[in-house]
Amino acid sequence: METNSKTLSFSDALFHLLVMMLNLIPGFLSMPVPTDIPMCTASEPAQYSLTFTGKWTPAAFPKQYPIYRPPAQWSNLIGVTHSSDYHMWQSNEFASNGMRDFAEKGEAWTIMKEVETAGEQIQSVYGILSAPAVVGGTGQMSTQFEVFARHSYLSFVVRIVPSPDWFVGADSIDLCDGDHWKDKVPLELFPYDAGTDSGFTFSSPNFETIPQDRIMQITSSFPSHPANSFFYPRLKHLPAIAKVTLTKIKKTNQIISLPLEPTQSNLLPTGNEIEEKMINTPLDCEVSPWSPWGLCKGKCGDSGVQHRTRYVIMHPANNGAACPLLEEERKCSPDNCL
């Protein structure tokens, strides 16, 4: 009996010790893991319109602006509505196989299979949306979509055409603000490199990046190679190359039908709602290194003259620095005089 009493006392002490520990750690085992992600509590779904506007003009991006084969344009837009635990793509992370195919070739089959798989396995994707391509660096495309509280995030991508693996897009834009939906969300878009092709210019041939790099935003100084089509060392920041406006609309039962052909508008829209200030990016002249000095020409016994030349790689634009002299001469002693 004495032994049993001591055993019970020890058990009681252990129980009280556990109770004290639980009291010292508030919420231990009784509360969910804390998270910084706000929960959407909107009671009703919302319907949005998405308008993509290209701002890729020769004035804003004069360096190597694609004029033909093919000219500057935008691919179709591919997007998804999803929960916070899904990412179609992320800056500073590796692109999926689907993102690689879309960024390099505009092929959407693989990325759609990835979205479908995510929807089946973790139920994090609610819907897929698309909008037609834009034939030209400027112009618009639009679509409509629906979001729910559980899937209040939007992600999308649009390929820059032509380019090695460059695109614009947005990762996990939350359209919900507590218990209500945001009325309007404007997004300025800047170019990204998918990290799968090592080309520097819009028209670079396919040159696979091995090993694959992470997705990185392209800036006026990164990549720092002067051949890069977006390299503008005089600028602190690149101007936005496109924009997207998300606008909440009244929900209707109307079936949305999307145009099947690319849009033909090549002019920036004007009006009270969308008013664009045309940007002129200065582009300095770029010249090649000097050639070697040529033969010294002149009569024997007299001073001769020799020349060297260089050529223009990039002509200036928008009040950029003018080209320097392309030919120099200097005095010399004639060669092979007898």
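Residues are numbered from 1 along each chain as its sequence is written, and side-chain values use heavy atoms, with hydrogens and water left out. Because the model is predicted, local features need pLDDT of at least 70 and side-chain atom pairs count only at pLDDT 80 or more, while totals for chains, interfaces and linings use all residues.

A search of the whole structure finds three disulfides, a disulfide being a pair of cysteine sulfur atoms within 2.5 Å.

Select Cys40 and Cys176 to begin, where the sulfur atoms lie 2.1 Å apart. The torsion about their S-S bond is about 80 degrees, so this disulfide is right-handed. Cys40 sits in the loop between α1 (2-24) and β1 (46-55), and Cys176, 136 residues apart from it, in strand β7 (residues 176-177); helices (H or I, at least four residues) and strands (E, at least two) are DSSP runs, numbered from the N terminus. Both Cys40 and Cys176 are buried, that is, under 20% relative accessible area, with exposed meaning over 50% and partly exposed in between (1.4 Å probe, protein chains only).

Cys285 lies in the loop between β12 (242-249) and β13 (286-287), whereas Cys323 lies in the loop between β15 (312-314) and β16 (327-332). Cys285 is buried at 14% relative accessible area, but Cys323, at 30%, is partly exposed.

Finish at Cys296 and Cys332, with sulfur atoms 1.9 Å apart.
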